[in-house]
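Hi,

Here is the structure I said I'd send over.

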Amino acid sequence: MNCSISGEVPEEPVVSKQSGLLFEKRLIERHVSDYGKCPVTGEPLTMDDIVPVKAGKIVKPRPVQGASIPGMIGMFQIEWDSLMLSNFTLEQQLHTARQELSHALYQHDAACRVIARLKKERDEARSLLAQADERLRPMLGATGNAVHQPALSNGKRVSEEETLGPDGKKARMGISADTIAELTDCNLELSQQRKKRTIPSTLASIEDLERYTQISSYPLHKTNKPGILSVDIQYSKDIIATGGIDTNAVVFDRPSGQIVSTLSGHSKKVTSIKIVPQDESLVITGSADKTVRLWQGSDDGNYDCRHVLKDHTAEVQAVTVHATNKYFVTASLDNSWCFYDLSSGLCLTQVTDSSGSEGYTSAAFHPDGLILGTGTTDALVKIWDVKTQTNVAKFDGHTGPVTAMSFSENGYFLATAAHDGVKLWDLRKLKNFRSFASPDPDTPTNYVDFDHSGSYLAVASSDIRVYQVASVKLEWNLIKTLPDLSGTGKATCAKFGPDAKYIAVGSSDRNLRIFGLPGSDGAPES
């Protein structure tokens, strides 16, 4: 039987005591609550007049449209349209949720960047405050308890840290008499040791160097900005540090073949890197972003940036560490070099040569520490007295910027590299006594390096060439020519390992290559 209201089989049938009509319970309840009468007869009706009817489970009969194929197709079409509409609504909701999530993530990322920038500014402010404190202490000690008013610069008061000198540049406290005495004592001690110096028996022989070939290659830097510009080695633990175009420096443990740490912080390419010889946990990097960073290693192997030095106004091209391991010098394209205290990161003096406007492209300390060599963009080599910061000699003859220089351990020879090749200088007579032309006229010579014993010289250009060091009059024989295996035709740096047992080579790709005797490298190749 069908419901008197809907005409369909009721799911919960009830019957009226008065009229005997059958209804769907939910429909008659709603009608009685709204009107209070029977929907068919119009007589007054209450829910007390409604009696439920007990029946078995009702199976609804198939609707008329489901009894034929066209009707079923129509039903399916209606269901499909409903499903598609529901799916479209869900997709719209998903798109809206994704936009809200993206906006929230962007806000979170922006907040993290702001926090990181504020932390960096806070750390730099603390560092500047510490430097100012270190700088003020000797000044206060020299002038008693006198209190100085801040200086005026362009009508504004500036702190002692920013006090300007007569030349309009930051005033430096200078190299103290105690520091000069320390440099002099170091020079005397090293000079006496050099007179007794002998070639170590463990040094690689010429026959070994003739057999050198590539024994390993390590992809240390990023592929999107390949190129290794500088390399340095800490001999006692055989730690290699590289500086790359990808703005990173990498500290690498050669015996294990593992990266110890990647030093990230510079915003442009790392042009120079040095490991402090007596402390492999201290690394100094110079960059094209005009800054120098001092990195301190920790027990877990990570390196933290201890100081960010911003004394230069152009690209920093070279970093060199003094033999005392307490001071270092940086050279920049701003035509100045800075002498720093390593422990505090304080610039003791900044030297500018008023005789020219050329920038510095390379720098190196003499092994005894009282002489500093610098190379310029104008192809000049300048020799400086560190104690007086005066230019005592100039060498010319190169073509193009002087890209690298290296002093021999014997203290007599200086090798310099430029676009035209390598020139060797006799420091006793202040003259050039030998030259090696670049093997490829279109490729500059990028690096020169004497080994620690002063017996061999490595030259990096379109290939890597190793020469036997001789005297001024004797011929410097070519021992070995190693090919540039990067495929770029440009080897950018080359440095001898301990006892010249291997040569670490950087090129214009991301790989550090090790050349040595076949089978001599125990580290796994990457």
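**Helix H3**

The buried residues of helix H3 are Thr179, Leu183, Cys186, Asn187 and Arg194. These residues cover an arc of only 105° around the axis, so they sit on the same side of H3. Bear in mind that this is a predicted model.

What lies over that buried side? The cover of the buried H3 residues includes strand S16 (327-332) and strand S17 (336-341). On the face turned away from the buried side, H3 carries the exposed residues Ala177, Asp178, Gln192 and Lys195.

The length of H3 checks out too: at 1.5 Å a residue, its 19 residues (177-195) should span 27 Å, and the end C-alpha atoms are 27 Å apart, which agrees.

**Ser408**

Next, a loop residue. Ser408 is in the loop between strand S23 (404-407) and strand S24 (413-418). Is Ser408 buried or exposed? Its relative accessible area is 0%, so Ser408 counts as buried. Leaving aside neighbours within four places in sequence, Ser408 is in contact with Pro367, Phe413, Phe450 and Gly454.

Last one. Strand S31 (residues 491-496) is mostly covered, with 6 of its 6 residues buried. S31 pairs with strand S32 (residues 502-507) in the antiparallel sense, over 5 bridges. For one of its residues, Lys495, the bridge partner in S32 is Ala504. The two strands, S31 and S32, form a hairpin with 5 residues between them, and in the turn Asp499 has a positive phi of about 55°.

Cheers

Conventions. Residues are numbered from 1 along each chain as its sequence is written. This is a predicted model: local features need pLDDT of at least 70, side-chain atom pairs count only at pLDDT 80 or more; totals for chains, interfaces and linings use all residues. Side-chain values use heavy atoms; hydrogens and water are left out. Helices (H or I, at least four residues) and strands (E, at least two) are DSSP runs, numbered from the N terminus. The expected span of a helix is 1.5 Å times one less than its number of residues. Buried means under 20% relative accessible area, exposed over 50%, partly exposed in between (1.4 Å probe, protein chains only). The arc is that of the directions from the helix axis to the C-beta atoms. Contact means heavy atoms within 4.5 Å. Two strands pair if DSSP finds at least two bridges between them.
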